Amino acid sequence: METVKILDKEFELFIPEEKIYKAIDELASQIKKDMAEEDPIFLGILNGVFLFAADLMKRIDFPCTISFLKLASYQGTSSTGKIKRLIGLNEDIKNRTVVVLEDIVDTGFTIQHIKKQLIGYEPKEIKIATLFFKPDAFRTNDEIHYIGMKIPNEFIVGYGLDYDGYGRNLRNVYKLKK
C-alpha cells in the first residue's frame, strides 16, 4: 500500500487520481444536463477546491462564469466549528443560478453558512456540488445536489485537501493511517 508522510502524520492511498477524474466526468455530465440553459455562476470555496474547480470547468462547455470565496473551518485534522469569511463575492449573482463548488462536505456547516450569506444577494437558486461527501459526518438538512463520491468519515489529504496546509499538491487522495 502506497503511503506518504505529511508533517507528523502517515497517510495511505485511498482514492487514485483515475477514480477522481471519473467522478468529475460524471459530475460534469450531470451539471451540463441540468444547467446548459442557465448561465450559472460557479462559486468555488478556497483553498481546497482549486484542483477540482479547474478540472470540472475544463469539462463544462456552455456559457458560465466562475468566482471564488475563501473560508476557513479546519485546523489540524478536525473542524473548529467556526467559519470565517475571508474573501467576499465580487460578482452580481442576482437572478442567476449559483453552483457552490466544494472539495469536501462533511458536517455541512460551511455550506449552511455560505447559503445564508448568498441568499442576501438574491440568486435565482443555489445548488451545491462537491467532489467528496461524508454522509456519516453530515449534520444539516441542506441538499447536496451533485456528489462526486460518498466516502467514509476519514481524514483525507491530496487533490486540493490538506493537513495544516500541506498535501494539497498530491495527485491521489490519501487517508490518515491508523
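1. A polar contact here is a pair of N or O atoms within 3.5 Å; within protein, one must be able to donate a hydrogen and the other to accept it, and residues adjacent in sequence count only if both atoms are side-chain atoms. By that rule, the side chains of Arg168 and Asp162 are joined at 3.1 Å. The Arg168 side chain also reaches the backbone oxygen of Gly160, at 2.6 Å.

2. Before going on, some housekeeping: this is a predicted model, with local features needing pLDDT of at least 70 and side-chain atom pairs pLDDT 80 or more, while totals for chains, interfaces and linings use all residues. Residues are numbered from 1 along each chain as its sequence is written, and side-chain values use heavy atoms, with hydrogens and water left out.

3. Back to Arg168, which sits in the loop between E9 and E10 (helices, H or I of at least four residues, and strands, E of at least two, are DSSP runs numbered from the N terminus). Is Arg168 buried or exposed? Its relative accessibility is 18%, so it counts as buried (buried is under 20% relative accessible area, exposed over 50%, partly exposed in between, with a 1.4 Å probe and protein chains only). Its contacts (heavy atoms within 4.5 Å) beyond four places in sequence include Asn47, Phe50, Leu51 and Tyr159.

4. Setting aside residues up to four places away, Leu101 touches Phe52, Leu56, Ile66 and Ala129, among others.

5. Now the open sheet: four strands run in the order E1-E2-E10-E9 with antiparallel pairing (two strands pair if DSSP finds at least two bridges between them). E1 (3–6) and E9 (156–157) are at the edges with a single partner strand each, so one side of each has no neighbour in the sheet. E2 (residues 9–15) and E10 (residues 173–176) are linked by four bridges, and Glu12 stands opposite Lys175 in E10.

6. Finally, H3 (residues 109–119) has Thr110, Ile111, Ile114, Lys115 and Leu118 as its buried residues. They line one face, because they fall within an arc of 130 degrees seen down the axis (taken from the directions from the helix axis to the C-beta atoms). The face turned away from them carries the exposed Lys116 and Ile119.
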